[in-house]
4 protein chains.
Amino acid sequence: MANSKYEYVKKFEMEDKLPPCNWIIVRIDGWHFHGFSDTHEFDKPNDENALNLMNSCAVSMAEHFTDIVFAYGVSDEYSFIWSERSQSYGRRASKILSLCVSYFTSMYVIKWKDFFPQKDLKKPPCFDGRIVLYPRVKMVRDYLCWRQVDCHINNQYNTCCWMLIKSGKSEKEAQELLKGTLAKDKNELLFQQFGINYNELPDIFRKGSCVYKDYAEEMVKVDACGNPVKRRRERVVVGHFDIIGDGFWDEHPYILKED
Amino acid sequence: MANSKYEYVKKFEMEDKLPPCNWIIVRIDGWHFHGFSDTHEFDKPNDENALNLMNSCAVSMAEHFTDIVFAYGVSDEYSFIWSERSQSYGRRASKILSLCVSYFTSMYVIKWKDFFPQKDLKKPPCFDGRIVLYPRVKMVRDYLCWRQVDCHINNQYNTCCWMLIKSGKSEKEAQELLKGTLAKDKNELLFQQFGINYNELPDIFRKGSCVYKDYAEEMVKVDACGNPVKRRRERVVVGHFDIIGDGFWDEHPYILKED
Amino acid sequence: MANSKYEYVKKFEMEDKLPPCNWIIVRIDGWHFHGFSDTHEFDKPNDENALNLMNSCAVSMAEHFTDIVFAYGVSDEYSFIWSERSQSYGRRASKILSLCVSYFTSMYVIKWKDFFPQKDLKKPPCFDGRIVLYPRVKMVRDYLCWRQVDCHINNQYNTCCWMLIKSGKSEKEAQELLKGTLAKDKNELLFQQFGINYNELPDIFRKGSCVYKDYAEEMVKVDACGNPVKRRRERVVVGHFDIIGDGFWDEHPYILKED
Amino acid sequence: MANSKYEYVKKFEMEDKLPPCNWIIVRIDGWHFHGFSDTHEFDKPNDENALNLMNSCAVSMAEHFTDIVFAYGVSDEYSFIWSERSQSYGRRASKILSLCVSYFTSMYVIKWKDFFPQKDLKKPPCFDGRIVLYPRVKMVRDYLCWRQVDCHINNQYNTCCWMLIKSGKSEKEAQELLKGTLAKDKNELLFQQFGINYNELPDIFRKGSCVYKDYAEEMVKVDACGNPVKRRRERVVVGHFDIIGDGFWDEHPYILKED
């Protein structure tokens with residue numbers, strides 16, 4: 001039985017190649033994670049286990065998809081930056097997008113038990129994703145700034161909000177109190193009412209998480225003359241840095257290098 | 001700290017709305033499942049548990065995404081047909097694609113233990129996906145024919161190939177023997193050498209799996225006069241039918257109904 | 001001198017094939033034609049020569065691009081319907097779009113003198129264009145209804161407005177008087193104040209223009225037995241019909257025939 | 001008569017915004033210009049009037065569409081570079097493409113008589129067009145190099161070919177003789193057989209044409225103290241330069257300036 005009669009339907013598949021020499025950012029986002037985090041009783045405003053689970057999945061991503069040069073995560077969202085030079089999957093948008101969300105999701109479910117040994121997974125975690133292209137390094141940097149500033153704004157707000165709620169306010173009252181406040185007002189509130197110095201909160205909460213390849217020299221053996229033989233070893237690491245300033249980028253110039 | 005300075009990066013997000021009045025097919029496909037099935041020692045040529053796991057995930061999909069009107073699966077691939085009228089997620093291609101692959105993947109990992117209680121998941125299952133649009137029902141039908149004919153061709157070939165291998169041939173020898181054979185030659189070979197009547201093999205192998213909504217009347221209670229009060233109940237079901245002919249479609253006219 | 005060093009720039013050309021089995025409508029629109037019609041002192045509300053020039057260009061289009069099955073024009077706008085089956089230019093959107101606007105523009109300038117023998121072309125006419133796809137005949141019909149209803153609404157309004165202006169009102173006063181009036185109010189106004197029966201105005205103004213292929217039998221010669229030998233001859237014609245009802249389409253069933 | 005019933009058809013119009021911060025190149029190309037140049041008996045291998053007509057149209061383009069920063073033409077082809085910053089027409093691809101080809105075509109027909117006073121336009125000139133995006137200045141430069149190298153290769157070949165034809169060879173014989181020859185062989189052939197020093201042929205043939213905005217200081221008046229009051233005046237100019245090397249670009253740094 002030949003299949004040729006029906007094969008015309010393949011002609012409806014449209015090409016979706018991404019243009020060359022653009023940085024490809026795949027941003028995935030927890031879908032209805034408000035409900036998901038309630039169901040699994042995540043700590044508020046930040047659940048460190050949940051963040052570490054996200055980070056662990058992101059590390060697996062960067063190990064698995066070698067064209068990912070950097071990833072930045074905050075809350076239930078992660079942005080994966082693919083090299084502008086990547087030719088993986090013929091730069092087909094749907095391949096790149098679907099493999100990213102699928103692999104991440106798979107990892108999230110598989111690793112759940114490692115980060116929540118005492119909690120069963122009661123709902124299927126699900127992530128949506130989108131691709132955004134940036135033609136230059138400067139814009140990739142600005143994209144990351146945008147996400148990190150957002151992390152900061154949200155975290156400061158959520159920290160205040162949840163401290164107020166934990167101190168007895170209703171959610172609505174807390175929101176009312178915070179309406180129109182500036183950054184420094186919020187820091188003041190945390191310090192005055194709760195003795196919290198915002199800037200001493202863990203970096204992972206305030207700065208989000210960076211995943212990238214780092215290189216370390218390691219000794220392989222000692223040669224015949226007693227000299228160490230070293231090897232440059234690549235490994236994917238997680239850190240919580242300021243990525244708005246130039247410091248991090250100056251120290252890791254190989255991450256975002258324009259052709 | 002205002003974020004406005006960096007928000008220009010949002011302008012690089014491109015609209016990807018799918019055109020109205022087209023049937024949306026999301027086809028997902030196991031990624032490197034050859035290796036995945038080896039690792040997990042799937043039965044050859046068909047592993048019934050693995051197929052049932054795929055089907056169970058597809059049922060969850062159809063229950064969860066209510067605009068999916070039909071799904072067809074074979075081997076490690078599944079096609080989900082979204083109604084041409086669907087307005088879900090503003091018909092944004094990347095939302096629909098990413099949620100489909102993510103939800104399916106999530107389910108696959110979660111349900112693994114139910115179908116393989118004695119096997120640990122050793123590798124992360126991963127699916128790629130793509131969207132294809134069809135402007136008319138006739139083409140959706142032809143698309144499904146294309147997949148079911150493919151199922152038949154592959155299954156017949158694989159059945160022969162694996163019977164030969166199990167009888168002592170090498171993979172290469174088996175492939176040599178089958179080169180250029182017609183459908184009826186393969187059926188003949190199965191019958192003569194292995195006493196297998198191809199047409200008596202399970203439908204799930206030969207026809208693939210259909211997932212769709214069925215309606216059953218059920219009695220809710222008995223009213224004051226002793227008459228049964230019935231309710232039309234929708235449930236998502238799995239079946240293994242011929243979907244090339246008109247029979248199935250004539251019996252389920254509500255599934256693919258053109259505006 | 002080899003060119004290979006620079007040829008990588010060709011990889012930035014993106015495919016823009018239109019999906020199969022969709023009707024392709026190319027709508028072109030006079031660009032800044034308000035100014036253009038002032039400069040060339042077109043009659044208001046309708047300039048018959050200008051409309052005939054548009055129609056003549058549209059006829060040339062349908063003769064030149066044989067996959068155009070129908071065209072509908074009103075004012076400085078024309079919609080060209082390409083057969084859903086057209087494979088011209090590999091269905092590449094930019095080829096189809098650019099050739100349509102270029103050929104139409106070329107014809108418009110070349111034919112100007114035939115329709116305005118006493119007027120010099122003082123400004124370059126320019127048309128923008130866009131492509132819209134329709135998956136079914138019904139929607140193509142509805143698209144044409146949309147344009148013809150628009151023609152009617154605009155023409156009725158403009159006729160009233162210009163009669164008022166010609167009778168001494170300022171443009172602003174005329175607009176004020178017409179604000180909120182219904183179709184029948186406008187007909188009443190035309191009849192009461194100016195003795196004009198709207199429905200007796202020329203069809204070309206009220207209904208726009210249709211361009212399509214018609215078939216006529218013509219006698220080629222007389223055969224040996226004295227019987228006429230006939231030939232079916234195709235020619236592109238212009239007409240001003242109602243295309244909202246079924247009449248025209250029932251008489252010309254070959255124009256929009258779905259596969 | 002309300003139009004709302006049909007307005008749903010507008011929803012089939014798809015957004016086609018070009019991504020920000022990319023240089024937009026619109027390349028137009030004479031369509032079937034081989035026949036067009038035969039019909040109008042253009043000089044071979046180059047018709048200076050035809051080239052000047054193309055250039056004159058390109059100048060009008062750069063004057064009219066102020067976001068065009070540079071244009072490069074060769075033979076019946078012209079590339080228009082729109083600034084990466086351009087927001088014209090909302091960066092909608094079909095607007096930009098259609099207006100470019102339409103305006104150019106309009107100009108071509110209108111100006112024909114100025115460049116071919118003794119020749120009637122016997123066929124409608126027609127141009128197709130396409131849009132290509134480049135994310136960085138370097139690639140725009142390489143694109144222009146690609147076109148200029150192409151100009152050189154074609155012109156050298158055509159010059160040889162037509163000299164041979166004019167000296168009595170058939171077209172086929174000429175092509176045979178040139179098969180496999182290198183650049184220096186062709187120059188040698190021109191010099192030995194026809195006494196032509198290729199490098200002394202007019203720049204317009206060998207280098208193509210550049211259209212861009214130049215700035216000149218001009219004296220407006222003399223002030224009260226007798227000092228000249230000057231004004232910087234912009235005008236669109238045509239030149240025939242090498243645009244592969246850095247010279248031209250160093251002298252005109254404002255043309256391609258990356259954000």
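Quick housekeeping. This is a predicted model, where local features need pLDDT of at least 70, side-chain atom pairs count only at pLDDT 80 or more, and totals for chains, interfaces and linings use all residues. Residues are numbered from 1 along each chain as its sequence is written, chains are lettered from A and ligands numbered from 1 in the order in which they are written, and side-chain values use heavy atoms, with hydrogens and water left out.

Now the sheet in chain A. Six strands make an open, antiparallel sheet, in the order S4-S1-S3-S2-S5-S6. Helices (H or I, at least four residues) and strands (E, at least two) are DSSP runs, numbered from the N terminus, and two strands pair if DSSP finds at least two bridges between them. Which strands stand at the edges? In chain A they are S4 (127-134) and S6 (228-239), each with a single partner strand, so one side of each has no neighbour in the sheet. From one strand to the next, the twist averages 25°. S1(A) and S4(A) are paired antiparallel over eight bridges, and across from A:Gly30 you find A:Phe127 in S4(A).

Two helices pack on this sheet. H3(A) touches S1, S3 and S4 of chain A, and its direction makes about 140° with that of S4(A). H4 (residues 137-166) of chain A touches S1, S2 (68-74), S3 and S4 of that chain, at about 20° to the direction of S2(A). Those axes are lines fitted to C-alpha atoms, for helices over the stretch in contact, and angles run from 0 to 180 degrees between N-to-C directions.

On to the cores. By nonpolar core I mean a set of buried Ala, Val, Leu, Ile, Met, Phe, Trp, Tyr and Cys residues joined through side-chain atoms within 4.5 Å. Buried is under 20% relative accessible area, exposed is over 50%, and partly exposed is in between (1.4 Å probe, protein chains only). The largest core has 81 residues, and A:Phe80, A:Tyr108, B:Phe80 and B:Tyr108 touch the most other members. H3 (residues 93-115) of chain A gives the most to this core, twelve residues. Leaving out residues up to four places away in sequence, A:Tyr108 touches A:Phe33, A:Phe36, A:Phe42, A:Leu53, A:Met54, A:Cys57, A:Pro125 and A:Phe127. There's also a second, separate core of 79 residues, including C:Trp82 and D:Leu53.

Most residues other than glycine have a negative phi, and most peptide bonds are trans. A:Cys21, in the segment before strand S1 (23-30) of chain A, has a positive phi of about 55° without being a glycine. A:Arg91 also has a positive phi of about 55°; A:Arg91 sits in the loop between S3 (77-82) and H3 of chain A, and is buried at 2% relative accessible area. Finally, B:Lys44 and B:Pro45 are joined by a cis peptide bond, omega about 0°, with B:Pro45 in the loop between H1 (33-39) and H2 (48-64) of chain B.

Key: Contact = heavy atoms within 4.5 Å.
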